Amino acid sequence: MARWANSGAPLSETCASVQTPSSEDQSSSFTQAGGALLQNFFKAFPAGSEAGEMWRTLATAHSADPSRLAALQTGYFQQQMALWGAMLARESGRPAGARLAAGPVAADPDENGDKRFAGREWRDSPYYDYMRQAYLLNSRFLQDLVETAELEAPAKDRLRFYTRQLIDAMSPANFAATNPEALQLALATNGESLHTGIRHLIEDVEQGRVSMTDESAFEVGRNLAVTPGEVVFENELIQLIQYKPTTAKVRKLPLLMVPPCINKFYILDLQPENSFVRYAVEQGNTVFMLSWRNITEDKLGGLGWDDYIADGVLQAIEVVRAIGKSDKINALGFCVGGTLLAAALAVLRARAEERVASVTLLATMLDFAYPGDIGVFIDEASMAAREAAIGKGGILSGKDLAFVFSALRANDLVWAYVVNNYLKGKTPHAFDILYWNADSTNLPGPMYCWYVRNMYLENKLREPGKLSMCGVPVDLGAIGLPTYILATREDHIVPWKTAYLSTRHLKGETRFVLGASGHVAGVINPPSKNRRGYWTSDRLPAKAEAWLAGAEEAPGSWWPNWNAWLEGFSGGERAAPKKPGNAKFKPIEPAPGRYVKVRV
């Protein structure tokens, strides 16, 4: 595999017998060469492994039409020979520092945004320029193999994922011997950069994950999650925080935020300048935050989905209503927190209980028909194995979840830090979102297994009455509340077109807004930064593509758009509360509380 990554011609043993295609015999030679490539390629995967079986599926698909493989291979060899000829021409007299002839791939990394090869060393050296372009040609060939194969959508999606993982891992930038930037830095520092990199590697092995940020720069309660407030309720599963008002008057209906239980709540309360909580408080909301406990195997490892609904979301709703002296509240959920919130609202509707006036769903899936790359990790066999291991008790480690999410964007969240931390011996920059990303949480096994089987694997939540929660059958369509749905265009965890499907199932008046960027950066986009943008439309056609075609783009943050919408469900104004809690629910400790500080 290293030869495939670091050699200009990975098929050297077959190239010698191949001539410029001009006859049926030569076409046959290319077919045989392509078959040799695939056969050699498969040897990298253990027999019986999922990745190996997927690649063998690809081989079977192409064996049904050898001419298609021959055409791909012909084009591949033509490009490789053109690249080789360009290198020879450069070596034979072109000026030093000149690039290879453009043609096979983009000569300038900036043209396609590939940061791996942004250093001048990749362009100034004929050897590394050739290696870079040969790698990109190999990558394109593998991608074309997948895209031209006649396969069912699920199989092709998995192949795309595994192909991308392999291509990303085999980049010459990831290896010390073939990364010119790392080599030059090692020479300039007399090897100290490599020495430091090895130390970073040992430290990361001990902690069980790749460091993505300078974790010494942050501390929850010191410079993260610092919006003033008090914990006013707690049980074994949650703490509930009430934030201190900053306005003389507040909206009558309080606002409850339900964060994802697979991450800490402070993604919504990072630093003061990008805290969504602080923004909501400054707009005159009495804000409450649900803080999930970090589950340990010997404590709460037997909790199920219904426990998260009853002792988590529904309990928080009742406490907020009592403290806010309001029959109804406004509620917001983020990611799986939004799924839990919608499920809780469906339970309330089934019980004929009116508790919520409006609901906001941020990057949330309710219909799991197209879960994106996460679906690669979920099938009946893997689900059965999880259920046997932790379905009746135990935990799903937060480190396992973090690995899955990092693998979805391996170039950005794995290999970039391998190069920076280990090959170059540098300390990653301090970045609050990546600190939060590394601060993962455990989930109880029964809850996780129920959630993944019934949502991701069997997609039952979208079907009225198909699921029962807390003893009642639930129907999303019966919720009937005004709903603000935010999706983000580059979301790799909740694809925006999948989030749009929620508009088909929720029957209340719905506003759908599409933010720029990804799952986290698209949500945490404060107005003060005046960055990115968002799309809105008054129409909700059946297809997401049709919605986007008719949507209008606006610059900056979506937060003011949401705040203006929420104002319509404020219930009027009242004097801001002078103290947190009430006679029954008294302050327990200052925000952010104990639960959020427990690390895996």
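Trainee: Which helix gives the most to the lining of the second largest pocket?

Mentor: Helix 8 does, with five residues. This is a predicted model, where local features need pLDDT of at least 70, side-chain atom pairs count only at pLDDT 80 or more, and totals for chains, interfaces and linings use all residues. Residues are numbered from 1 along each chain as its sequence is written, and side-chain values use heavy atoms, with hydrogens and water left out.

Trainee: What makes something a pocket, and what makes it a cavity?

Mentor: Picture a 1 Å grid over the protein atoms alone: a cavity is a set of points where a 1.4 Å probe fits but cannot get out, while a pocket is an open set with protein on both sides within 12 Å along at least five of seven lines. A residue counts as lining if it has an atom within 4 Å of a point. Points are joined across faces, edges and corners, and the volume is the space filled by probe spheres set on them.

Trainee: So what volume does the second largest pocket have?

Mentor: About 840 Å³. It is lined by 28 residues, and the closest to its centre are Asp157, Ala369, Tyr370, Pro371 and Gly372. Helix 8 (153-169), helix 18 (445-457), helix 19 (496-500) and helix 21 (544-549) each supply at least two lining residues. Helices here are DSSP runs (H or I, at least four residues), as are strands (E, at least two), numbered from the N terminus.

Trainee: How many cavities of 30 Å³ or more are there?

Mentor: Two. The largest has a volume of about 70 Å³, and Leu345, Arg349 and Ile479 are among its lining residues. Helix 13 (residues 336-350) gives the most to that lining, with three residues.

Trainee: How do the lining residues of the largest cavity divide by class?

Mentor: Five nonpolar, no polar and four charged. Ala, Val, Leu, Ile, Met, Phe, Trp, Tyr, Cys and Pro count as nonpolar, Asp, Glu, Lys and Arg as charged, and the others, Gly among them, as polar.

Trainee: On to helix 10. How do you know what span to expect?

Mentor: Take 1.5 Å times one less than its number of residues. Helix 10 (residues 192-207) has 16 residues and reaches 23 Å from its first C-alpha to its last, so it comes close to the expected 22 Å.

Trainee: Which residues of helix 10 are buried?

Mentor: Ser193, Thr196, Gly197, His200 and Asp204. Buried means under 20% relative accessible area, exposed over 50%, and partly exposed in between (1.4 Å probe, protein chains only).

Trainee: Why is Ala352 called exposed?

Mentor: Because its relative accessible area is 66%, and the cut-off is over 50%. Ala352 lies in the loop between helix 13 and strand 7 (356-362). Its phi is near 60 degrees, a positive value in a residue other than glycine.

Trainee: Why does Arg532 count as partly exposed?

Mentor: Because its relative accessibility is 32%, which falls between the two cut-offs. Arg532 also has a positive phi, about 60 degrees, although it is not a glycine, and is found in the loop between strand 13 (510-515) and strand 14 (533-536).

Trainee: Which peptide bond is cis, with omega near 10 degrees?

Mentor: The one from Ala591 to Pro592. Pro592 sits in the segment after strand 17 (589-590).
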